[in-house]
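Here are my notes on the aromatic contacts. Please read them against the model shown below.

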Amino acid sequence: MRIFNRLLPHPLLTLLLTVIWQLLVNRFSLNSLLFGFFLGLLIPFVTQPYWPNRPKLKSPLRLAGYVLLVFWDIVVANIIVARIILFMPNSKRQPAWVEVPLDIRTPEAIAMLGGTITMTPGTLTADISADGHYLLVHCLHAPDTAAVRDDIKSRYETRLKEIFE
């Protein structure tokens, strides 16, 4: 098992890099697949010294469900933001800053939560508190900031806590 970990230090990153290479090439062939796999092996191997503490996933299968949820939320948020921009007058928009208290503590989970919020149209993670216990989120239209905060915590943070902690 040790030799497997030395040759393939980050198997998920290897798979991700191979898939990304295939998407960049935009044409499937055996050569591009093999080269993508080669890059997927080489890059994690070369960068291995810079990853002393690999993130531990408590439940990797839940990560796939989380990714699907985020994709769905991005699609829905695009429609909502388009409706706000196209049909809501500026005078009725209620942009707001929302402080989201964090129950998660691992840096990977916090980074993933911040990235999820930023990728979802209409919201942006602007800052994290110095102690890492709060995120500052800007919303395009948030008449009820408590509802936005609770939605982020229940929809994303609880799932990330199950995945990482």
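1. W21 is partly exposed, with a relative accessibility of 26%. Buried would need a value under 20%. Keep in mind that this is a predicted model.

2. F35 also falls in the partly exposed class, at 38% relative accessibility. Exposed would require over 50%.

3. How many aromatic pairs does the structure hold? The count is 3. W21 and F35 form one of them: their ring centres sit 5.2 Å apart. The planes meet at 65°, so this pair is edge-to-face. The cut-off for that label is over 60 degrees.

4. The W21 and F35 pair links distant parts of the chain. W21 belongs to helix α2 (residues 11-25). F35 belongs to helix α3 (residues 30-47).

5. Ring pairs connect W21, F35 and F38 into a cluster.

6. Now the tyrosines. Which parts of the chain does the pair of Y66 and Y156 tie together? Y66 lies in helix α4 (residues 60-87) and Y156 in helix α6 (residues 145-164), so the pair bridges parts 90 residues apart in sequence.

7. The geometry of Y66 and Y156 is as follows. The ring centres are 6.2 Å apart. The planes stand at 80°, so this pair is edge-to-face. Pairing requires centres within 6.5 Å.

8. Are these tyrosines buried or exposed? Y66 has 2% relative accessibility, so Y66 counts as buried. Y156 has 6% and counts as buried. By contrast, W21 is partly exposed, and F35 is partly exposed.

Note on methods
Residues are numbered from 1 along each chain as its sequence is written. This is a predicted model: local features need pLDDT of at least 70, side-chain atom pairs count only at pLDDT 80 or more; totals for chains, interfaces and linings use all residues. Side-chain values use heavy atoms; hydrogens and water are left out. Rings of Phe, Tyr and Trp (its six-membered ring) pair if their centres lie within 6.5 Å; planes under 30 degrees apart count as stacked, over 60 as edge-to-face and the rest as tilted. Helices (H or I, at least four residues) and strands (E, at least two) are DSSP runs, numbered from the N terminus. Buried means under 20% relative accessible area, exposed over 50%, partly exposed in between (1.4 Å probe, protein chains only).
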